[in-house]
Amino acid sequence: MKVVQRVAAVTDQEVTKLLPLYDAIDPEALDSLTESVVTSPASLEIRFTYAGQQVIIDGRGTVSVEN
């Protein structure tokens with residue numbers, strides 16, 4: 001939900017107007033991957049496109065959105 005909320009804020013859209021996240025990436029796999037990085041979270045970086053935006057998630061769970 002964090003990704004969807006961040007993209008909605010950056011694109012000035014309502015969360016309910018965005019396509020489901022699973023159209024871009026498997027949310028359960030994404031959660032599993034970010035939760036499994038315990039020893040070296042700084043080494044993780046996940047990038048994918050969602051709603052026309054480049055989404056970057058780091059090992060600390062920080063979500064960044066770029067055009």
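Across which strands does helix H2 lie, and at about what angle does H2 run to S1? In this predicted model, local features need pLDDT of at least 70 and side-chain atom pairs count only at pLDDT 80 or more, whereas totals for chains, interfaces and linings use all residues. Residues are numbered from 1 along each chain as its sequence is written, and side-chain values use heavy atoms, with hydrogens and water left out.

The chain holds two helices and three strands, where helices (H or I, at least four residues) and strands (E, at least two) are DSSP runs numbered from the N terminus. Read from the N terminus on, these elements follow the order α-α-β-β-β. For 67 residues, a compact globule would have a radius of gyration near 11 Å, and the chain agrees with this at 12 Å; the radius is taken over C-alpha atoms, and the globule rule is 2.2 Å times the number of residues to the power 0.38.

The three strands form an open sheet in the order S1-S2-S3, with antiparallel pairing, two strands being paired if DSSP finds at least two bridges between them. Strand S1 (45-50) and strand S3 (63-66) are the edge strands, each pairing on one side only. Strand S2 (residues 53-58) pairs with S3 in the antiparallel sense over four bridges, and isoleucine 57 stands opposite valine 63 in S3. As for the opening question, H2 lies across S1 and S2 and runs at about 160° to S1; contact here means heavy atoms within 4.5 Å, and axes are lines fitted to C-alpha atoms, for helices over the stretch in contact, with angles from 0 to 180 degrees between N-to-C directions.

The largest pocket has a volume of about 280 Å³. A pocket is an open set of points on a 1 Å grid over the protein atoms alone, where a 1.4 Å probe fits, with protein on both sides within 12 Å along at least five of seven lines, and lining residues have an atom within 4 Å of a point; the volume is the space filled by probe spheres set on the points, which are joined across faces, edges and corners. Helix H2 (27-36) gives the most to this lining, with four residues.
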